[in-house]
Amino acid sequence: MNTYYLNDTPLAAFGFVPGHASGSNIALSGAWDMPARTGDSYRQWDGEDGVEPYVSADDGFAFGSREIELAGHLVADDEASLRENIERFRRFLAALPATSQLRCDWGQWSVGLRKEVKITPRRNIASVTLAFTEPAPAMPGYDGQPAEWPEQWLLATRCWNETGVWTDRGLWYDMFEPGAWILDTGLWNRESGVWDRSGSWFGNKKYDLDDWRWESFGLVIASTEGAWDLPARREIKANQFPVPDRWAPGGLDKHTLSLTATLRAPDMENFGRRVRALCWVFGQPGLRSLSYKGRQWSLFAPEGFQVTDIQKRSQVYAKFTVKLIEAHE
């Protein structure tokens, strides 16, 4: 059983037993979501199709807070002992500073307990849900040097292969020091400092998202809602001599594509790595190139993504959802 800590105090000291978050068989939820962008991330012009994206690094590329919940129970031998546990637990929570460290076997998060804590006793057991806010969670770097060495390059160079399997015994893997061999894979041009996609085998590959396959992240696509929709036209509003029951059609409204997939990983550590890789891909500046059944879109994800319904069994399974907006630059 996983043990949860707040500022190095084990919650088990108050009789806390982890429960199940909604749709999951673990107690933690929201901890692996990618938060939404802050501020304006696009602009719609009435007379033009789609949206103008704000996706350059200079467009206030910052992310908001993340909501994390921990579900469980306070357990005691009898009702009197339970009331004592509840009172000690309430005093402990009330004394927490504005920012605390939530920690378990699967990671740590800097959080604040801003919302009401619901404690519902029934005999010698009380259900409890702690709803935390993680202000400006630590995101991977977007300058080619992410927080963890270097997940996106691993995906790009096929050390992390297309089926999501780590292949550390590649023919050239041991030939270079980490960082240097990245430049010698034939994908990175030393002289120009840009990706060289003209390699004989590179151009023969088929990719789903930018230069990656869904399998690289452990994703199995379940649905792509809105992929074939035709958006409505926007109305151009005139303030001179309006004509009753008439409207002036403008450009097409924004096109939204909702992607749903199953995220699979062999264990929780690997699960966290794959989520961080997805954060880097969907959260970096610029537009994502998505290919699906012969069509290709240029998209961005201003609302982040959600990882829900986590099931930790012999492997880890979760539901991955992301809402993407098509851009016309």
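**Around strand S19**

Guide: Strand S18 (residues 305-312) runs antiparallel to S19 and is joined to it by six bridges. Strands here are DSSP runs of E with at least two residues, helices are runs of H or I with at least four, and both are numbered from the N terminus; two strands pair if DSSP finds at least two bridges between them. This is a predicted model, in which local features need pLDDT of at least 70, side-chain atom pairs count only at pLDDT 80 or more, and totals for chains, interfaces and linings use all residues. Residues are numbered from 1 along each chain as its sequence is written, and side-chain values use heavy atoms, with hydrogens and water left out.

Visitor: How many residues lie between S18 and S19 in their hairpin?

Guide: Three residues lie between them, and within this pairing Phe 305 stands opposite Val 322 of S19.

Visitor: Which sense does the pairing of S15 with S19 take?

Guide: Strand S15 (residues 256-265) is antiparallel to S19, with 10 bridges joining them, and Ala 261 faces Phe 320 of S19. Strand S17 (residues 295-300) also pairs with S19 in the antiparallel sense, over two bridges, where Phe 300 stands opposite Ile 325.

Visitor: How many residues of S19 are buried?

Guide: A residue is buried under 20% relative accessible area, exposed over 50% and partly exposed in between, using a 1.4 Å probe and protein chains only. In S19 (residues 316-326), eight of the 11 residues are buried, leaving the strand mostly covered.

Visitor: Why does Glu 79 count as partly exposed?

Guide: Glu 79, found in helix H1 (residues 79-94), counts as partly exposed because its relative accessibility is 45%.
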